[in-house]
Amino acid sequence: MHISDEAILDLNTLAGWLALYDLGTHENLNPDLLILAGHAIMPNIIGALDFAAQTGVPVLLSGGIGHSTTLLQQAVKQDPLTAAIETEGQGEADILAEIAHQVFAIPWEKIEIENHSTNCGQNADFSRDRLLAQSSFPSTILLVQDPLMQRRTFESFQHSWRQKNITGRFINWPVFVPHVVKVGSSLVITGGQRAGIWALERYIAMILFEVKRLRDDATGYGPAGAGFIGHVDIPDAVENAWRRLIENEGVQVNVR
């Protein structure tokens with residue numbers, strides 16, 4: 001795939017905005033819970049579960065069988081750290097729970113499993129309802145998702161919490177922010193240097209789709225469209241980069 005230098009800069013602009021990262025702005029972290037939504041980016045999953053193991057923060061793992069399940073099953077088998085985990089027939093949260101317990105020795109009493117959701121909005125709603133059924137509700141949540149889906153996940157959780165008039169604080173942590181660099185004639189996605197990361201065409205498609213979904217227009221997920229999330233202000237630099245990419249003949253991806 002040929003991508004111009006300008007397109008690489010635009011991809012990095014969009015990825016940096018999508019991978020909403022505010023962990024570094026909180027020097028004194030005291031989260032009540034870490035929510036890890038199911039996906040297939042192994043460096044992110046390993047980083048989040050390692051953090052939970054080191055700190056003792058309880059985890060809620062959210063995800064049933066959805067678009068990323070097969071990719072997660074493949075990624076788990078390709079990573080030496082997790083290759084022994086049984087994945088066949090398992091949903092995302094159940095796979096993540098086995099990694100949490102078997103690889104990182106997180107005790108089962110620190111693991112909550114929500115294994116029915118099949119999309120981002122359900123991740124939020126089903127996690128919320130599971131937490132509401134408990135005796136206490138977390139006030140500060142460390143929220144982790146595929147870096148390219150972090151911003152939409154945050155917007156989905158905020159929207160879900162508002163539907164029930166729940167107040168709380170989300171700290172967004174995509175674990176790493178991906179960046180495309182050209183090395184000779186090759187393009188490399190940096191930031192998560194281990195097995196289980198995006199193929200380049202999927203990476204570009206996800207970036208374009210995610211910005212489209214966050215737009216508050218008839219085709220987006222905001223109030224003017226599907227109503228899955230609240231209004232999101234898209235910076236001019238992001239909007240312009242997105243438009244250049246979808247009009248760039250060198251980026252052969254159909255935006256749906």
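1. **Before you start.** This is a predicted model, in which local features need pLDDT of at least 70, side-chain atom pairs count only at pLDDT 80 or more, and totals for chains, interfaces and linings use all residues. Residues are numbered from 1 along each chain as its sequence is written, and side-chain values use heavy atoms, with hydrogens and water left out.

2. **The sheet.** Look for an open sheet of five strands in the order S3-S2-S1-S4-S5, with parallel pairing. Its edge strands, S3 (111–114) and S5 (169–172), each pair on one side only. From one strand to the next, the twist averages 25 degrees. Helices (H or I, at least four residues) and strands (E, at least two) are DSSP runs, numbered from the N terminus; two strands pair if DSSP finds at least two bridges between them.

3. **One pair in detail.** S1 (residues 33–37) and S4 (residues 140–144) pair in the parallel sense over four bridges. Here Ile35 stands opposite Leu143 in S4.

4. **Helices on the sheet.** Helix H4 (residues 92–103) packs on the sheet, touching S1, S2 (59–62) and S3, and its direction makes about 165 degrees with that of S3. Contact means heavy atoms within 4.5 Å. Helix H5 (residues 120–132) lies across S1, S2, S3 and S4, running at about 130 degrees to S3. Axes are lines fitted to C-alpha atoms, for helices over the stretch in contact, and angles run from 0 to 180 degrees between N-to-C directions.

5. **Inside helix H5.** Arg128 and Asp125 both lie in H5, three residues apart, about one turn of the helix. Their side chains meet in a salt bridge (3.6 Å, N to O), that is, a side-chain nitrogen of Lys or Arg within 4 Å of a carboxyl oxygen of Asp or Glu. The structure holds eleven salt bridges.

6. **The hairpin.** Strands S6 (residues 179–183) and S7 (residues 186–190) run antiparallel and are joined by five bridges. Val181 has Val188 in S7 as its bridge partner. Two residues separate the strands of this hairpin, and Gly184 in the turn has a positive phi of about 65 degrees.

7. **The lining of the largest pocket.** Which helix gives the most to this lining? Helix H7 does, with six residues. H5, H6 (150–163) and H7 (200–214) each supply at least two residues.
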